[in-house]
Amino acid sequence: MEAGGCRYQFRIALLGDAAVGKTSLLRRYVAGAPGILEPEPELESVPTVGVEFYSRTLQLRAGPRVKLQLWDTAGQERFRCITRSFYRNVVGVLLVFDVTNRKSFEHIQDWHQEVMATQGPDKVIFLLVGHKSDLQSTRCVSAQEAEELAASLGMAFMETSAKNNCNVDLAFNTLTDAIQQALQQGDIKLEEDWGGVRLTQNTQIPRPPSSTQHPGPCKC
Ligand SMILES: Nc1nc2c(ncn2[C@@H]2O[C@H](COP(=O)(O)OP(=O)(O)OP(=O)(O)O)[C@@H](O)[C@H]2O)c(=O)[nH]1
């Protein structure tokens, strides 16, 4: 039995242009899981074909344990019809651009729009990620303009580096915490025919807190 008696699965996808560093970011995160005794991950340089799957389990601050099913999507246009078919079943999206690649930043709104067109506004929590923050001398997107874009799209922003292992865990934890909070508040709901969030142990579905209830650890 897991802590708190509950166990969720959240499906999270990484989207963004080719070569912005999605696979490297994900491999760094998965290699950092407690109990994993892998050598430092190599930064990836092989383009992703279609979609690749990773997972990591973590204990949320709010109580339940969560298995993250992590989908690494290909950034190349020729795989777009494959990757698009996965958007419907995600609850969280890391929208990734490369801080040294202006075009990848300009395309963020297109990626956002693609997901919204499939999912509608109520089901996905986004986080904007400016990746390769170690490359300060060739940076061409400032943190301030990325913050502004994130605010205009209603999401948080964070800079990461797989090379320096900077903010990698924090980015995934921030997104996961936001999903958990939306679930507790009833902004995101468990639905039978939707794979974005699943209860994989125990069956009690969390309800939004009423005026007499205090949000807290799952009581199932
Ligand atoms: N300096 C630096 N380079 C990075 C970082 N992360 C990834 N890279 C490099 O960026 C290039 C692309 O990385 P990938 O992880 O394959 O990028 P991707 O977004 O998964 O690419 P696609 O699968 O084609 O969509 C590789 O040469 C990596 O070594 C980082 O944090 N810092």
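# Close-up views of a predicted protein model

Among contacts in the protein between residues at least 6 apart in sequence, 73% join residues at least 24 apart; two residues are in contact if their C-beta atoms, placed from the backbone, lie within 7 Å. Please keep in mind that this is a predicted model: local features need pLDDT of at least 70, side-chain atom pairs count only at pLDDT 80 or more, and totals for chains, interfaces and linings use all residues. Residues are numbered from 1 along each chain as its sequence is written.

View 1. Helices (H or I, at least four residues) and strands (E, at least two) are DSSP runs, numbered from the N terminus. Of the 220 residues, 38% count as buried. Buried means that 20 or more other C-beta atoms lie within 10 Å of the residue's own; exposed means 12 or fewer, partly exposed is in between, and C-beta atoms are placed from the backbone.

**View 2. The ligand is surrounded by 22 residues.** A residue belongs here if its C-beta atom, placed from the backbone, lies within 6 Å of the molecule. The closest are G21, T23, L43, T48 and G75. By type, the shell divides into 8 nonpolar, 9 polar and 5 charged residues. Here Ala, Val, Leu, Ile, Met, Phe, Trp, Tyr, Cys and Pro count as nonpolar, Asp, Glu, Lys and Arg as charged, and the others, Gly among them, as polar. Helix 1 (residues 22–31) gives the largest share of the shell, 3 residues.

**View 3. Helix 1 is largely enclosed by the rest of the structure, because 8 of its 10 residues are buried.** The buried residues are K22, T23, S24, L25, L26, R27, R28 and Y29. In the loop between strand 1 and helix 1 you will find A19. Its phi is near 70°, a positive value in a residue other than glycine. A19 counts as partly exposed, with 17 C-beta neighbours inside 10 Å.

**View 4. The largest nonpolar core holds 48 residues.** Such a core is a set of buried Ala, Val, Leu, Ile, Met, Phe, Trp, Tyr and Cys residues joined through C-beta atoms within 7 Å. V93, L94, L95, V96 and L128 touch the most other members. Elements that each supply at least two residues of this core include strand 1 (7–15), strand 4 (92–98), strand 5 (125–131) and helix 6. Not counting residues up to four places away in sequence, L95 touches L15, G16, I108, W111, H112, F126, L128 and V129.

**View 5. N101 sits in the loop between strand 4 and helix 3 (102–106).** This residue is buried, because 23 other C-beta atoms lie within 10 Å. From N101 to D169 the distance is 23 Å, C-alpha to C-alpha, and the two are 68 residues apart in sequence.

**View 6. In helix 6, V168, A171, F172, L175, T176, I179, Q180 and L183 are buried.** They cover an arc of only 160° around the axis, which puts them on the same side of helix 6; the arc is that of the directions from the helix axis to the C-beta atoms. After helix 6 comes G186, whose phi is positive, near 85°. In the loop between strand 6 (156–160) and helix 6 lies N165, with a positive phi near 50°. N165 is partly exposed, with 16 other C-beta atoms within 10 Å.
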